[in-house]
Amino acid sequence: MQEPPHTVKLIDLAGLQALFDALTRRGYEIVGPVHRDGAIVYDRIDAVAELPAGWTDQQAPGSYRLTRRDDDAVFGYAVGPHSWKRYLFPPRQTLFSVQRLDDGGLSFKPEPIDAPKRAFIGVRACELAAIGVQDRVFAGGEHVDPAYAARREAVLLVAVNCAVAADTCFCSAMDTGPAVRGGHDLVLTELIDAAGQRFLVEAGSALGRELLAGLPGPAASADDIAAAGAQSQRVAAGQTRRIDAAAVPALLMRNLQHPRWDAVAQRCLSCANCTLACPTCFCSSNQEVTDLAGAAHRERHWDSCFNVEFSHLGHGSVRDSVKARYRQWLTHKLATWHEQFGQSGCVGCGRCISWCPVGIDLTEEVAAIAASDAGGRP
């Protein structure tokens, strides 16, 4: 009698390398976490040995630091400054080029779409939620961004259940993590205890089930599955930042003149770091670039609602103060996204808190407004 396929497998580091090799044979470029320049960032990798073994991160408002762990966990950290949006929605992208012809006319040439097959390794639950948000923005409506849609179609997602939470994480409050709930092809849970280092592997798609079937390793035991579940519960319980995601939209929209906006504007540098690090922010601008030989091309690049030029209309900027720009960012992110996209624009990854040069914490700002909110009463 043929043994039924395992739905949860147990593999070791060699088994993880076997997954990398299987992805490479299928033509995927593997992109995963690496230790570089004092941070965990995403880059192309070929081998498990390139993962940031033994490193973890310590994060706080305006602070990010790597330290050594007392084990060799390869996913033993939270999230770094990079998000996956840089691969699906690149920071700079040529849309089309224009060449002046000998007869004085113009020839327009669309830029070919670059959409390589990529396997993202180590995608966290909050990051899967962020990719889901950007899917809705770029590919979910009537006007689909063809380049984003092509890149997204070519991506395979290997997620990881978080084993640690940074001080800045609040995914449990935003109901996006820390356990992976969907949107993945495979999900890994790294366990390290007296039994050693191992990974539980589960499939979330037909392609994931194909890959899982080809991996070496036994079925995971009931004890290992229970340990993985307990680990996710510990990570969720360890998150201290809270936000009432359901109540925030109404709270912010009835407090547009709250004095807290003036207070935070005194600290905010309007540097746009939060929007660049955010995995869901999608503002962009177009720019025509010319040369002396008669050629030109149109370029799309990341922009930010914190830049005063971003809201410049014929008579000037409609948000010419830091207060107006911060209020626009926070109310859009936590409130009016619901009207546009049916969900919050925040996934609770905490990047905007860690990478703010002055340590502004959006959960603290919301709490300050809530503390003096009259609940709509006069």
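I began with helix α6, residues 222-237, in this predicted model, and I noted that α6 lies across β1, β10 and β11 (196-203), running at about 95° to β10.

Next I looked up the sheet to which those strands belong, and I found an open sheet of seven strands in the order β1-β11-β10-β9-β8-β2-β3, with mixed pairing. Which strands stand at its edges? I wrote down β1 (8-11) and β3 (39-44), each of which has a single partner strand, so one side of each is left without a neighbour in the sheet.

As a reminder to myself, strands of a sheet pair through backbone hydrogen bonds, either parallel or antiparallel.

My next entry concerns an open sheet of four strands, which has antiparallel pairing and the order β7-β6-β13-β12. Its edge strands are β7 (106-110) and β12 (284-290), each pairing on one side only, and the twist from one strand to the next averages 20°. Looking at strand β6 (residues 92-100), I found that five bridges join it to β7, the two running antiparallel, and that Q99 stands opposite S107 in β7.

Last, I turned to helix α10, residues 322-341, and asked where it bends. The bend is at H332 and comes to about 55°, while just after α10 I noted that G342 takes a positive phi of about 75°.

Notes:
Residues numbered from 1 in each chain as written. Predicted model: local features only at pLDDT ≥ 70, side-chain atom pairs only at ≥ 80, totals over all residues. Heavy atoms only, no water. Bend = angle between axes of the 7 residues up to and from the residue. Pairing = 2+ DSSP bridges. Axes fitted to C-alpha atoms, helices over the stretch in contact; angles between N-to-C directions. Contact = heavy atoms within 4.5 Å.
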